[in-house]
Amino acid sequence: MSDTNATGTRRYHFEQIRARELARGASADEATRIATETVDTVMEKESEAKQTG
């Protein structure tokens with residue numbers, strides 16, 4: 001096991017975005033596509049927030 005916080009991982013954010021899209025009514029393929037396109041932006045914004053705050 002590592003010391004990495006599980007909520008800070010790319011996979012965690014991917015799954016959260018994908019689940020949100022599925023709940024919104026997107027197909028599984030569409031939810032995966034949207035999550036793939038969005039996860040890097042979310043991770044970047046989170047990293048910036050940690051650096052400034």
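**Exercise 1. Classify His13 as buried or exposed, and find its side-chain partner.**

Solution. 
- His13 has 10% relative accessibility, so it counts as buried. Buried means under 20% relative accessible area, exposed over 50%, and partly exposed in between (1.4 Å probe, protein chains only).
- His13 sits in helix α1. Helices are DSSP runs of H or I with at least four residues, strands are E runs of at least two, and both are numbered from the N terminus.
- The side chain of His13 makes a polar contact of 3.2 Å with that of Glu46. A polar contact is a pair of N or O atoms within 3.5 Å; within protein, one must be able to donate a hydrogen and the other to accept it, and residues adjacent in sequence count only if both atoms are side-chain atoms.

This is a predicted model, where local features need pLDDT of at least 70, side-chain atom pairs count only at pLDDT 80 or more, and totals for chains, interfaces and linings use all residues. Residues are numbered from 1 along each chain as its sequence is written, and side-chain values use heavy atoms, with hydrogens and water left out.

**Exercise 2. Determine which residues of α1 are buried and where they lie around the axis.**

Solution. 
- The buried residues of α1 are His13, Phe14, Ile17 and Glu21.
- They cover an arc of only 105° around the axis, which puts them on the same side of α1. The arc is taken from the directions from the helix axis to the C-beta atoms.
- Arg11 and Ala23 are exposed on the other side of α1.
- The cover over the buried residues includes α2 (28-52).

**Exercise 3. Count the salt bridges and work through three of them.**

Solution. 
- A salt bridge is a side-chain nitrogen of Lys or Arg within 4 Å of a carboxyl oxygen of Asp or Glu. The count comes to 5.
- Arg10 and Asp40 pair at 3.1 Å, N to O. This pair links distant parts of the chain, with Arg10 in α1 and Asp40 in α2, 30 residues apart. Arg10 is partly exposed at 41% relative accessibility. Asp40 is partly exposed at 44%.
- Arg11 pairs with Glu15, the closest N and O atoms being 3.1 Å apart. These two are 4 residues apart in α1, so about one helical turn separates them. Arg11 is exposed at 59%, whereas Glu15 is partly exposed at 29%.
- Arg33 pairs with Glu37, with closest N and O atoms 3.3 Å apart. They are 4 residues apart in α2, so the separation is about one helical turn.

Terms used
Contact means heavy atoms within 4.5 Å.
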